[in-house]
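Have the structure open as you read.

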Amino acid sequence: MNKPTTIDFAAATAIHIPAATAYTQALHDLVPGEARDSLLAVHDLLRRELPKGQLAIYEAGGGSCSVLPPEMLDRSKVTVVDIDEDQVRNNSYADEAILGDVQTYRFGRETFDLVICYNVIEHLPNVDAALLNFRDALKRGGMVLIGAPNPRSLSGVVTKYSPHWFHVWFYRHIRGIKDAGLPGEPPFPTFFHALVTLPRLEAFAAANGLEMIYRREVESPRYPEMRRRKPLFATLVDAGAAMLNAVLPHGIDVRRGDYHVILRKI
């Protein structure tokens with residue numbers, strides 16, 4: 001996962017990795033719910049809209065796990081750029097893994113059919129620079145898939161305004177991820193640049209030659225995860241979310257803590 005750092009990665013390092021025989025599960029550890037359903041819908045759209053032959057894919061901040069289905073990875077040349085050395089080292093599916101910063105690392109124009117930026121932009125202080133790099137690297141008609149937390153949701157507000165140690169505590173004790181916060185392991189520090197907010201992201205994309213062809217806000221996967229692992233805690237969180245929904249303008253659901261977006265280069 002791409003995360004902020006003061007280290008100078010101007011001279012990025014390329015690490016060539018042989019093709020993996022087993023791919024990481026594309027749906028990660030998502031439990032059944034809206035987020036999983038949306039990602040499956042994204043897979044279907046990509047299958048329909050992307051070229052049928054070999055694909056050139058750039059995973060920006062891809063780290064060690066892909067959200068793409070295995071059959072798509074099988075017919076793709078995948079390039080990963082990540083600022084975390086441990087994530088790059090642990091990557092098992094990329095044809096090329098590059099230690100670098102997606103905000104500054106630039107490829108040749110019209111190089112890729114698809115850019116994946118999943119759970120990354122919330123960690124970037126310069127989202128606009130990263131998006132323009134993605135656009136320039138895309139072929140005409142190519143697409144950017146973005147998955148990100150919704151900063152206007154309950155989980156987004158908590159993430160934005162709580163200290164990083166709380167995020168680590170939540171991952172370890174509520175989500176049950178014992179290695180959380182260790183080198184190369186999430187959660188990573190968050191910035192929540194203004195462009196992470198969906199209306200601003202859509203407006204920026206439209207002003208810079210990218211049309212939004214898929215947009216879906218979903219209940220954060222943390223909710224079904226909590227209901228399964230910590231039912232009492234989840235009941236309290238659900239009750240709090242319901243109270244907020246009751247007093248907020250009609251149609252707002254603070255449980256919709258994540259979104260998936262696909263942008264196409266015009």
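At 30% relative accessibility, Lys139 counts as partly exposed; buried means under 20% relative accessible area, exposed over 50%, and partly exposed in between, using a 1.4 Å probe and protein chains only. What you are looking at is a predicted model, in which local features need pLDDT of at least 70 and side-chain atom pairs count only at pLDDT 80 or more, while totals for chains, interfaces and linings use all residues. Residues are numbered from 1 along each chain as its sequence is written, and side-chain values use heavy atoms, with hydrogens and water left out.

The partner of Lys139 is Asp113, and their side chains meet in a salt bridge with N and O 3.4 Å apart. A salt bridge here is a side-chain nitrogen of Lys or Arg within 4 Å of a carboxyl oxygen of Asp or Glu. Asp113 lies in strand β5 (residues 112–118) and Lys139 in strand β6 (residues 138–149), so this pair ties together parts that are 26 residues apart in sequence. Helices (H or I, at least four residues) and strands (E, at least two) are DSSP runs, numbered from the N terminus. Asp113 counts as buried, at 8% relative accessibility.

**The chain as a whole**

Stepping back, the chain has nine helices and eight strands. Of its 266 residues, 49% count as buried. Among contacts with a separation of 6 or more, residues 24 or more positions apart account for 73%; contact means heavy atoms within 4.5 Å.

**More salt bridges**

| Pair | N to O distance |
|---|---|
| Arg89 and Asp86 | 3.0 Å |
| Asp113 and Lys139 | 3.4 Å |
| Glu225 and Arg175 | 2.7 Å |

Arg89 and Asp86 are three residues apart in helix α3 (residues 85–90), so about one helical turn separates them. Asp86 is partly exposed, with a relative accessible area of 26%.

The side chains of Glu225 and Arg175 meet in a salt bridge at 2.7 Å, N to O. Glu225 lies in helix α8 and Arg175 in the loop between α6 (164–174) and α7 (198–207), so the pair ties together parts that are 50 residues apart in sequence. Are these two residues buried or exposed? Both Glu225 and Arg175 are buried.

There is also a network of salt bridges, linking Glu34, Glu219, Arg227, Asp238, Asp253, Arg255 and Arg256.

**How α8 meets α9**

Helix α8 (residues 222–229) and helix α9 (residues 231–247) pack at an angle of about 140°, and their axes are 6 Å apart. That makes α8 oblique to α9. Axes are lines fitted to C-alpha atoms, for helices over the stretch in contact, and angles run from 0 to 180 degrees between N-to-C directions. Angles under 35 degrees count as roughly parallel, over 145 as roughly antiparallel, 65 to 115 as roughly perpendicular, and the rest as oblique.

**Asp258 and its neighbours**

Asp258 lies in strand β8 (residues 258–265) and is buried, with a relative accessible area of 16%. Its C-alpha atom is separated by 5.3 Å from that of Ser220, 38 residues apart along the chain. Leaving out residues up to four places away in sequence, Asp258 touches Ala148, Pro149, Asn150, Arg216, Glu217, Val218, Ser220 and Pro221.

**Backbone details to look for**

The loop between α6 and α7 holds Pro187, which is joined to Pro186 by a cis peptide bond with omega of about 5°. Phe192 lies in the loop between α6 and α7 too; Phe192 has a positive phi of about 55° although it is not a glycine, and it counts as buried at 7% relative accessibility.

Glu110, found in the loop between β4 and β5, has a positive phi of about 55° and is not a glycine either. Glu110 is partly exposed, with a relative accessible area of 42%.
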